[in-house]
Structures are given as C-alpha cells and as structure tokens.
Amino acid sequence: MLTFINYQSKLFPTIEDVDRKSYGTLFYCLSLFILIYLYWEKDPTSLIAGFFIMTFGDGFAALIGKNFKSKSWIFLNQKKSLFGTTTMFITSLIVVFGLSYIQKYTFNINFFTVASISTILEQFSFFGIDNFIVPISAAFCFNFFITGL
C-alpha cells in the first residue's frame, strides 16, 4: 500500500527514479507477495532466490550498465547494455551458487540455467514488467531445477 501511495504522490522520488514510465516498484511488491504465498512454507530458499536475483541482479545491472560504457542495444524500446546484462547473469549465478552452497545442493548445470533464464527475462523491462517476471520465474526455476520440491 505504501508503495502505491509513493507511486502516486512521489513522497520518496528516488524510489521511482527511472528514465521511463514504469510500474516496477508496484510489480516488485506484487511479485514478492506472490513468492511469499507460494514458497514461504514449501521452499523458502526458492523464495529467497527469486527475491535476491531481482534485488541484486537487476540493481547491479542497472548500476553497472548506466555507469560503464559498453556495447548496447534497444530491446522493446528499452536500452540494454553488454555490461549490465553480463552483471545480471554473474550476480544471478552468484545468488544461485551461494544459496545452493548454504543448502548443500550439489553443483549442476542447472545453476547456469536459472541464471540464464533470469538474465533473458530481465531484457523485458517495458513498464517495469521485469520486476514481476524475473523474481517469479527465478524462484520457479530454482525450485524446479535445483531444489526439486
């Protein structure tokens, strides 16, 4: 509710500080609510995977992508960069490795699958929809490919 109020009133303008029309903060809260509903009791590690991949992966990707020049492209009217996309992939992979290490899951090629799917879906950022599809998909993929629950 507070996120919606801030979206409307801009009480905290830096939260909505993007160069385009975006519902990203609203989508992010909605995705977190869905993840909690789906995975809180069943598989909290998958919930954390989706949450962390979006939080750190997308956050660092934006930070690196905007502050370091690299090859860039336009995808669905959104500018994406090689450094930002690479950062998203590496950060997603670190999250998957870290959570798997803590939970003592054995290493397998699906670690790369989860990071790759998350990175590909992050390209779809029109109206901030990536803030919804990335955490949900990352949690689902982590649950399906890694935990098997």
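Hi everyone. Before we start, a word on terms: I call a residue buried when its relative accessible area is under 20%, and exposed when that area is over 50%, with partly exposed in between. Keep in mind that what you see here is a predicted model.

On one side of α2 we have F33 and Y37, and both are exposed. Which residues of α2 are buried? They are G24, T25, S31, L35 and Y39. As for its length, α2 runs over residues 24-39, which makes 16 residues, and at 1.5 Å a residue it should span 22 Å. The end C-alpha atoms are 22 Å apart, so the two agree.

Now let me step back to the whole chain. It holds 6 helices and 2 strands, and along the sequence they come in the order α-α-α-β-β-α-α-α. There are 149 residues, and 38% of them count as buried. If we take contacts between residues at least 6 apart in sequence, 63% join residues that are at least 24 apart.

α4 has 22 residues, and from first C-alpha to last it reaches 32 Å, close to the 32 Å expected at 1.5 Å a residue. Its buried residues are G84, T85, T87, M88, T91, S92, L93, V95, V96, L99 and S100. And what covers them? The cover includes helices α3, α5 and α6, along with strands β1 and β2.

Helix α4, residues 82-103, packs with helix α5, residues 110-122, at an angle of about 145°, and their axes are 8 Å apart. The crossing is right-handed. From α4, the contact is made by T85, M88, F89, S92, L93, V96, F97 and S100. From α5, the residues in that contact are F111, F112, V114, A115, S116, S118, T119 and E122.

Last, the cysteines, for anyone who was about to ask. How many disulfides are there? The count comes to 0, taking a disulfide as a pair of cysteine sulfur atoms within 2.5 Å. C141 is buried, with a relative accessible area of 7%, whereas C29 has 36% relative accessibility and so counts as partly exposed.

Note on methods. Residues numbered from 1 in each chain as written. Predicted model: local features only at pLDDT ≥ 70, side-chain atom pairs only at ≥ 80, totals over all residues. Heavy atoms only, no water. Buried < 20%, exposed > 50% of the residue type's maximum accessible area, 1.4 Å probe, protein only. Helix = DSSP H or I, 4+ residues; strand = E, 2+ residues; numbered from the N terminus. Expected span 1.5 Å × (residues − 1). Axes fitted to C-alpha atoms, helices over the stretch in contact; angles between N-to-C directions. Left-handed = near helix turned anticlockwise from the far one by under 90°. Contact = heavy atoms within 4.5 Å.
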